Amino acid sequence: MGDWAHGLLGCFDDFGTCIIAYVVPCVTFGQNAEAAGTASSCLIGGILFLIPIVNIICWIQTRGAIREQHGIEGSLISDLLAICCCSLCALVQEAQQVKEGGGISRA
């Protein structure tokens, strides 16, 4: 099992993704959900992001799917903590992972 390509606080490793996620997080979420296969399109994923409670459920599924696809260690609890405590950082981390692929940590 590997690690995330970027740490949870590695938001500024990809400044463009960071800005987009902070200004319009629904777009980044939709792209992540589509790439992970948890939403049929970016638009559907973006809309799901705007619905309370549904967004957390979809986000947990999306983050878990990205972890599985890239062989990253983690659990439902670690995903939930990342999403609830540092949501935009988690969103950027997922987007960076989807963009780069692989699960090799940059240390």
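Modeller: Happy to! Valine 24 is partly exposed, with a relative accessible area of 35% (partly exposed lies between buried, under 20%, and exposed, over 50%, with a 1.4 Å probe and protein chains only). The model is predicted, so local features need pLDDT of at least 70 and side-chain atom pairs pLDDT 80 or more, while totals for chains, interfaces and linings use all residues. Numbering runs from 1 along each chain as its sequence is written, and side-chain values use heavy atoms, without hydrogens or water.

Valine 24 sits in the loop between α1 and α2 (25-36) (helices are DSSP runs of H or I, at least four residues). On the surface, Val24 forms a nonpolar patch with Phe12, Phe15, Ile19, Ile20, Tyr22, Val23 and Val27, and together they have about 750 Å² of accessible area. In such a patch, nonpolar side chains with over 30% relative accessible area and no salt bridge (Lys or Arg nitrogen within 4 Å of an Asp or Glu carboxyl oxygen) are joined within 5 Å. Helix α1 (residues 15-23) gives the most, five residues.

Now to the inside. Beyond four places in sequence, leucine 91 is in contact (heavy atoms within 4.5 Å) with Ala21, Pro25, Thr28, Phe29, Asn32 and Trp59.

Conventions
Patch = residues over 30% accessible without salt bridge, like charges linked within 9 Å, V, L, I, M, F, W, Y side chains within 5 Å. Areas by Shrake-Rupley, 256 points an atom, 1.4 Å probe, with all protein chains shown as cover. Helix = DSSP H or I, 4+ residues; strand = E, 2+ residues; numbered from the N terminus.
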